[in-house]
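Please look through the structure shown here before reading on. The notes after it are a briefing, arranged by topic, for a reader who is meeting this protein for the first time.

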Amino acid sequence: MGKANEQMKKGDRDSRPLFLGKNSSNLIDVMVKYLLLSAALFTIIAIIIIVYSLASESLSFFLHIPAHEFFFGTRWAAFFDDKSFGVLPLLAGTMLTTAIALSLAIPVGIGSAIFLSEYAAPSLRRVVKPILEMLAGIPTVVYGYFALYFITPNLQYFIPDLYTYNALAAGIAMGIMIIPTIASLSEDAFYAVPQSLKAAGYALGARKSTVVMRIVIPYTLSAIVAIIILGMGRAIGETMIVTIAAGLKPTLTLNPFESVMTMTSAIAQAATGDAPRGTVEYTSLFAIALYLFAIVAILNLISSYIKRRWEIRV
C-alpha cells in the first residue's frame, strides 16, 4: 500500500507543467491578484474623480447662489436676464417622467418575466426573449424621436390639448426603454425560486396562477423591489428622450400633458455652449449633476441593501 501511494505521488509530480516551478506559480498568482485589484481600484478612482469634479465646480456655484434658493426655488431661468436657479421645477419634471415610465415598465416588465419563466413553452421563449432584449439595444435618441413623431401624434387624437413636447410621450418612451431591464432581472429572480416550493403548491391542488401569486411573487418580492429601484435610477438618468420629446420648459407642474424640463435636459442645455466656462450658468450644470448623482447613488444603495437581503433569503 505504501509503495502504491509513493507511485501515485510521483505520478502527480510528473504531471505538473515542466515550465512552472513553485516560485513561478506563486509569482503568477500574485500578478493576477494585483491586476484584478487594479481593475477594482480603477472604478473606485473613477468615481472619486467624478465626485471631485462635480463637487469642486458646484462649490463655485454655491458661492454665488445660496443653497436654499437652489434646492427650494420654484423658478429656473439660467439663461434669462432675470436669472433664477431654483431646481424644484427640474426635479418635478424628472420625477413626473420617471413615474410615467415606471407605471408602464413595472406591469409590462414583471408580467413579461412571469410569462417567460412560468407559462411560455421553451420554443416560444427562445423567440420572445431575444425580441424583448432587443429593446435594450436601441439608442435612446431613436426612442426620443419615436416619442416625438409617433407617440405624441397618436396621443393627440385622444388628447387634443396635448402639447407637442410633453411629459406623457417622453415617459412612455422611457418606460418602453426600461422594460427589458425589469423583465430580464425579474425573470432571473423568478428562476431562483426553489422548485420544491412550487411543487408543494401544486401538490396541494393550487393552480399555476395561485402558485405565482402566493409563492413566486412573495418569495421574490424584495428582489422585485430592488429591480424596480434600479429601473427608477435608469429612468432618472435618461437624457436624450426627455431632451427631444419633453421640451425645455422648466415649469413646476405635475400635468403630464405639458412641456417640462428635467434635470438631465437642463444639463444638456447648459452643456451645448450657451453657458461660457466659469460663469454661474456653467457651474449650475455641475450643481444639478451633483444633485442627480446623489439621488441615483442613494437609490443604488437602497437597491443593493434590498438585494443583499434577498440573496440571504434565497
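Predicted model: local features only at pLDDT ≥ 70, side-chain atom pairs only at ≥ 80, totals over all residues.

The chain counts 314 residues, of which 38% are buried.

**The chain as a whole**

- The accessible surface of the protein comes to about 17800 Å², and carbon and sulfur atoms hold 68% of that area.

**Spans annotated in UniProt**

- An unreviewed UniProt entry gives the feature "transmembrane region" for several stretches of the chain, namely residues 34-55, 90-119, 131-151, 163-190, 211-232 and 285-306.
- Residues 131-151 are 76% helix and 0% strand, with the end C-alpha atoms lying 20 Å apart.

**Helix 8 and helix 9**

- Two packed helices are described by the angle between their axes together with the distance between the axes.
- For helix 8 (residues 195-203) and helix 9 (residues 208-219), the axes come within 10 Å and cross at roughly 145 degrees, and the crossing is right-handed.
- On the side of helix 8 the contact is made by Leu197, Lys198, Gly201 and Tyr202, while helix 9 contributes Lys208, Val211, Ile215, Val216 and Tyr219.
- Sorted by class, this contact between helix 8 and helix 9 has six nonpolar residues, one polar residue and two charged residues.

**Two buried residues**

- Serine 117 is found in helix 4, which covers residues 88-119.
- Is serine 117 buried or exposed? Serine 117 has a relative accessible area of 13%, which is under the 20% cut-off, and therefore it counts as buried.
- When residues up to four places away in sequence are not counted, serine 117 touches Glu187, Phe190 and Tyr191.
- Threonine 152 belongs to helix 6, which runs over residues 140-158.
- Because its relative accessible area is 2%, again under 20%, threonine 152 is also classed as buried.
- With neighbours within four places in sequence left aside, threonine 152 is in contact with Ala147, Leu162, Tyr163, Thr164, Asn166 and Ala169.

Key. Residues numbered from 1 in each chain as written. Heavy atoms only, no water. Axes fitted to C-alpha atoms, helices over the stretch in contact; angles between N-to-C directions. Helix = DSSP H or I, 4+ residues; strand = E, 2+ residues; numbered from the N terminus. Left-handed = near helix turned anticlockwise from the far one by under 90°. Contact = heavy atoms within 4.5 Å. Nonpolar A, V, L, I, M, F, W, Y, C, P; charged D, E, K, R; others polar. Buried < 20%, exposed > 50% of the residue type's maximum accessible area, 1.4 Å probe, protein only. Areas by Shrake-Rupley, 256 points an atom, 1.4 Å probe, with all protein chains shown as cover. UniProt positions renumbered as here; feature names shortened; annotations may be inferred.
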